[in-house]
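User: I would like to learn how to read features off a structure. Can we go through them one at a time?

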Amino acid sequence: MRAIGRDPIFIERGEGARLIDVDGGVYVDWVMSWGPLIAGHAHPDVVDAVTAAAAAGTSFGAPTEAEVDLAAAVVDRVPSAEMMRMTSSGTEASMSAIRLARAVTGRDKIVKFAGAYHGHVDGLLADAGSGLATQGIPASPGVTAAQAADTVVVPWNAPLSEIEAAAVICEAYPANMGLVPPEAAFLRELRDYADRTGALLIFDEVITGFRVARGGAQEREGVMPDLTVLGKIIGGGLPAAAYAGRRELMERIAPAGDVYQAGTLSGNPLATAAGLATLELLDDDAYAALDRTTRMLAEGLAEATRDAGVPASVAWTTGLLTLFFAERPPRTYEEAKACDLEAHAAFCRGMLDHGIYLPPSQFEAWFPSLVHGDEDVERTLEAARAVLGSL
């Protein structure tokens with residue numbers, strides 16, 4: 001909220017596509033807890049599943065049938081997944097996938113892309129100092145130079161130099177610099193690069209997993225990573241994440257193998273119940289409805305910016321969109337940073353005044369859900385037309 005010159009809004013409750021703050025303000029919510037709530041706030045099926053699970057016990061420190069059911073559901077949906085290990089957060093899942101890649105390859109360096117976020121793993125909080133591939137430097141106090149030194153940061157949508165790395169990790173559809181999709185064949189080029197150099201390809205599908213398609217971005221693009229990081233929707237609004245991949249890789253994880261990872265509350269009964277209940281709602285009809293809602297919103301926003309004469313553009317895919325205050329959607333993080341941030345801040349402040357809750361950052365995506373209807377879209381577009389007209 002500081003980025004748009006506002007104090008935070010404190011939330012009392014959520015209902016469907018609405019947020020209600022502690023002062024009684026009601027908002028159409030396009031943030032949806034930053035993505036997990038694809039079924040909306042307090043969906044009855046999810047609430048019932050969590051309530052039933054809680055009544056049977058909240059944590060056991062031992063295997064449960066629901067963990068196996070959730071793993072089976074993930075393997076059924078995600079094309080590259082043969083086995084899965086649960087964690088409690090996307091950060092843990094990214095960290096664990098990278099540790100596994102280093103163990104499998106015997107290498108240290110990780111290639112990541114400027115503007116990509118993979119949780120607050122120390123080594124991945126490095127950013128590029130130039131447009132060329134460069135050794136990472138710490139981007140946060142508390143991250144040591146040694147931790148950042150093994151991270152090589154390169155521009156998104158640009159060819160990679162030959163590097164002997166343990167892994168290349170990417171958001172398959174980056175959504176932490178705003179939504180900046182891969183250019184045609186870029187993910188295929190990453191797959192070829194990994195095969196050629198002996199690195200593992202890791203797709204971070206914390207955001208895109210179960211959102212842009214039943215099997216995530218890898219299903220849409222037809223490109224199979226070696227490992228996939230999952231989060232957000234997999235927990236249905238409760239803390240849960242996972243990493244998944246080919247059997248021979250995942251069997252290196254302890255106790256089956258020698259690569260350690262554990263978590264007391266990972267795969268706890270409440271999170272697995274919420275995740276399973278959410279995944280059961282995501283059938284073909286659900287994705288068709290989600291695509292329609294996103295398309296209506298994206299096309300309406302593009303028309304509103306044209307009518308207002310405001311230099312802006314919309315990037316979108318099923319379940320995700322970003323309104324960039326730039327004449328064309330960015331291709332890289334550098335282009336995203338060049339957007340008119342003051343115009344974005346003014347737009348967000350105006351939309352809040354009209355009861356529309358948006359990500360208060362140019363570098364985040366909007367998250368349409370299954371409970372956003374035509375009325376929510378039209379109310380949002382009506383507000384956007386008014387606010388854009390005042391910029």
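User: Let's begin with the backbone. Where is the place of S33?

Analyst: This is a predicted model, so read every value as computed from it. S33 sits in the loop between β3 (26-29) and α1 (44-56). Its phi is positive, about 60 degrees, although S33 is not a glycine. With 41% relative accessibility, S33 counts as partly exposed.

User: Which loop holds K232?

Analyst: K232 is in the loop between β12 and β13. K232 is not a glycine, yet its phi is positive at about 55 degrees. K232 has 24% relative accessibility, so it counts as partly exposed.

User: Next, peptide bonds. Which residues does a cis peptide bond join?

Analyst: Look at omega. The cis bond joins A254 and P255, with omega about 10 degrees. P255 belongs to the loop between α7 (247-250) and α8 (269-281).

User: Now strands. Are the faces of strand β12 covered or open?

Analyst: Check the side chains on each side in turn. β12 spans residues 227-230, and both of its faces are covered. L227 and V229 are buried on one side, T228 and L230 on the other.

User: How do the strands β11 and β12 run, parallel or antiparallel?

Analyst: Start from the bridges. Strand β11 (residues 200-205) and β12 run parallel, joined by 4 bridges. I202 has L227 as its bridge partner in β12. Turn to β13 (residues 241-245): it runs antiparallel to β12, and 4 bridges join the two. There, L227 has G245 as its bridge partner.

User: What unit do β11, helix α6 and β12 make?

Analyst: Trace the path from strand to helix to strand. β11, helix α6 (residues 216-221) and β12 make a β-α-β unit, and the unit is right-handed.

User: On to charges. How many salt bridges does the count come to?

Analyst: The count is 20 salt bridges. E12 forms a salt bridge with R13, with the closest N and O atoms 2.6 Å apart. E12 is exposed at 51% relative accessible area. R13 is partly exposed at 38%.

User: What distant parts of the chain does the pair of E183 and R331 link?

Analyst: Their side chains meet in a salt bridge, 2.2 Å from N to O. E183 is in the loop between β10 (167-171) and α5 (186-197), and R331 is in the loop between β15 (320-324) and α10. The two residues are 148 residues apart. E183 is partly exposed at 35% relative accessibility. R331 is partly exposed at 30%.

User: Which residues do salt bridges that share partners join into one network?

Analyst: Start with one pair and follow the partners. E248 and R246 meet in a salt bridge, 2.7 Å from N to O. E248 is partly exposed, with 49% relative accessible area. R246 is partly exposed too, with 27%. Shared partners join R191, D195, D226, R246 and E248 into one network.

User: What about a charge with no partner? Is R77 buried or exposed?

Analyst: R77 is buried and has no salt bridge. D76 is the nearest side chain of opposite charge, 4.4 Å away. R77 is in helix α2 (residues 65-77). Leaving aside neighbours within four places in sequence, R77 is in contact with F210, R214, G215, E219, L279 and E280.

User: Last, aromatics. How many aromatic pairs does the structure hold?

Analyst: A pair of rings is described by the distance of the centres and the angle of the planes. This structure holds 7 aromatic pairs. For Y333 and F363, the ring centres are 6.3 Å apart and the planes are at 70 degrees, so the pair is edge-to-face. Y333 lies in helix α10 (residues 333-337) and F363 in the loop between β16 (356-357) and α12 (374-390), so the pair ties together parts 30 residues apart in sequence. Both Y333 and F363 are buried.

User: Which residues form one aromatic cluster?

Analyst: F113, W156 and F186 form one aromatic cluster.

How values were computed
Residues numbered from 1 in each chain as written. Predicted model: local features only at pLDDT ≥ 70, side-chain atom pairs only at ≥ 80, totals over all residues. Heavy atoms only, no water. Buried < 20%, exposed > 50% of the residue type's maximum accessible area, 1.4 Å probe, protein only. Pairing = 2+ DSSP bridges. Right-handed = clockwise from strand over helix to strand, strands pointing away. Lys, Arg positive; Asp, Glu negative; His and termini not counted. Salt bridge = Lys/Arg side-chain N within 4 Å of Asp/Glu carboxyl O. Contact = heavy atoms within 4.5 Å. Phe/Tyr/Trp six-rings, centres within 6.5 Å; stacked < 30°, edge-to-face > 60°.
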